[in-house]
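Open the model in your viewer and keep the selection tool at hand. Each stop below says what to select and what is there.

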Amino acid sequence: DILCLIHNKGFEPDVHSNGLASIMDSDCYLDYKKVVKWFRVLLSKSWKKICEQNDFEITFRNITGCCGLKVQYQSGRTIHIKVFPAVRLKGSDVHLVPRFSNFPKKSTVPTIYWHISCAVCEYKFLKIMTKKIPKSSCHLKCLQILIVLTEKVCHSPNQRCVLGSYLFKTVLMHLLLSQPYSNWQECHLEHRFGDVLKYLGKCLDEKCLHRFMIGNQTFPQQIGIPEFLLKAEPINLFPSFVTGNESHCRALMEYQ
C-alpha cells in the first residue's frame, strides 16, 4: 500500500476539498483507480494539443491499469501504445504500477495496493548481457520466433493467448543467467531455441515460473533493485494454473 505523497500519516482529510489530493487518494493512500482516471484525462488533453501540430491522429482506449493510445499517421501506419502511471520505489529502478491487464477483474484486493514492475531492471539486465554474450548472439531471435509463433496461434483479434511475450522473456532471462555466454552464438540458435521450449515446457508441467528479479539472489548487483526484493520469496507467474485447469489446458494447447 502506497502512502499518498501529498499527505502524511497524521493528515485529516477535508471531505469538501476539490484539490488534486482528494482526487487521487483513499484514506490517505494513493488509489490506483483514481490515479489512472486522472492520468487518462490529463494525457488526453496533452496529446490533443500535440496532434494539432503533427500529421497523426490519436484515439484513446480504456485498458485496465493504463491508458491505451492508438496513433494513426496520414500514411496509414498505426502504432498502439500503453502508458502507465508509475511511482518510483526508494530511488531504485523498480516502480509501482496499477493493476496489470491480466489481473483478475473480480479481484477483492483493495485499490490502494499497487504492483511491482521491474521493467527498467529487466531492460538494464538485457543491455548488460548483450555486452557479455557474443555480438552475433541468438537470444533475441529466440524471443522473436516465439512471439511470431504465438501470433499465428492466436490469430483471432478476440482470442487472447495465455502464453505471452513477457513469459517468454522471463524464460529467456533465466537461461541467460544460467548458461555460459558462448552458448548464445548465432550458430547455436537451434539448440538455444530448444532450451527455451524445454524450460517453458518444464514450467508448464510444474505450473510454476518464477519472476526473474524477485527472490533471485544471483541477480547482478550493478542493477538498481532493492536488496529486500532479491531476498523475498519467489513469485509464481502461473498462479491461475494452480487454482484452475482451464487456463492451464489452454496454455498446454498453445505450447503444443
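**Stop 1: Salt bridges**

Select E227 and K231: their side chains form a salt bridge, with the closest N and O atoms 2.8 Å apart. K231 counts as exposed, because its relative accessibility is 53%. The model you are looking at is predicted. The structure holds seven salt bridges. Side chains of opposite charge can pair when their charged atoms come close.

Go to helix α6, residues 189-206. Pick R192 and D195. A salt bridge joins their side chains, at 2.9 Å from N to O. The two residues are three apart in α6, so about one helical turn separates them. R192 is buried, with a relative accessible area of 10%.

Stay in α6 and select K202 and E206. Their side chains also meet in a salt bridge, here at 3.1 Å from N to O. K202 and E206 are four residues apart in the helix, so they too are separated by about one helical turn. K202 is partly exposed, with a relative accessible area of 48%. E206 counts as partly exposed, at 48% relative accessibility.

**Stop 2: A charged network**

Which residues are linked to D93 in a network of salt bridges? Select R88 and K124 along with D93; these three make up the network. D93 lies in the loop between β6 and β7. With a relative accessible area of 10%, D93 is buried. Its side chain makes a polar contact of 2.8 Å with the side chain of K124. Show the surroundings of D93. Leaving out residues up to four places away in sequence, D93 touches R88, V120, C121, K124 and G224.

Now select G91, in the loop between β6 and β7. Is G91 buried or exposed? G91 counts as exposed, because its relative accessibility is 62%. Draw a distance from G91 to I225, C-alpha to C-alpha. The two are 134 residues apart in sequence and 9.5 Å apart in space.

**Stop 3: The sheet**

Color β6, β7 and β8. These three strands form an open sheet in the order β6-β7-β8, with antiparallel pairing. β6 (87-88) and β8 (115-117) stand at the edges with a single partner strand each, so one side of each has no neighbour in the sheet. Select β7, residues 95-97: three bridges join this strand to β8, and the two run antiparallel. Look across from V97 to find H115 in β8.

**Stop 4: The largest core**

Which residues touch the most other members of the largest nonpolar core? Select F125, M213, F219 and I225, out of 44 residues in this core. α2 (32-51), α3 (119-132), α4 (139-153), α5 (165-178), α6 (189-206) and α7 (227-230) each supply at least two residues. The largest share, seven residues, comes from α5.

Zoom in on F125. Not counting residues up to four places away in sequence, F125 touches M173, L176, L177, F212, M213, F219, P220 and I223.

**Stop 5: Helix α5**

Select α5. This helix has 14 residues and reaches 20 Å from its first C-alpha to its last, close to the 20 Å expected at 1.5 Å a residue. The helix is mostly covered, with ten of its 14 residues buried. Color the buried ones: L167, F168, K169, T170, V171, L172, M173, H174, L175 and L176. What covers them? The cover includes α3, α4 and α6.

**Stop 6: E122 and K169**

Finish at E122, in helix α3. E122 counts as buried, because its relative accessibility is 2%. The side chains of E122 and K169 are joined by a polar contact of 2.9 Å. Now widen the view around E122. Neighbours within four places in sequence aside, E122 is in contact with Y166, K169, M173 and M213. Two of these names have come up before. M173 is in contact with F125, and M213 is among the residues that touch the most other members of the largest nonpolar core.

How values were computed
Residues are numbered from 1 along each chain as its sequence is written. This is a predicted model: local features need pLDDT of at least 70, side-chain atom pairs count only at pLDDT 80 or more; totals for chains, interfaces and linings use all residues. Side-chain values use heavy atoms; hydrogens and water are left out. Two strands pair if DSSP finds at least two bridges between them. A nonpolar core is a set of buried Ala, Val, Leu, Ile, Met, Phe, Trp, Tyr and Cys residues joined through side-chain atoms within 4.5 Å. Buried means under 20% relative accessible area, exposed over 50%, partly exposed in between (1.4 Å probe, protein chains only). Contact means heavy atoms within 4.5 Å. A polar contact is a pair of N or O atoms within 3.5 Å; within protein, one must be able to donate a hydrogen and the other to accept it, and residues adjacent in sequence count only if both atoms are side-chain atoms. A salt bridge is a side-chain nitrogen of Lys or Arg within 4 Å of a carboxyl oxygen of Asp or Glu. The expected span of a helix is 1.5 Å times one less than its number of residues.
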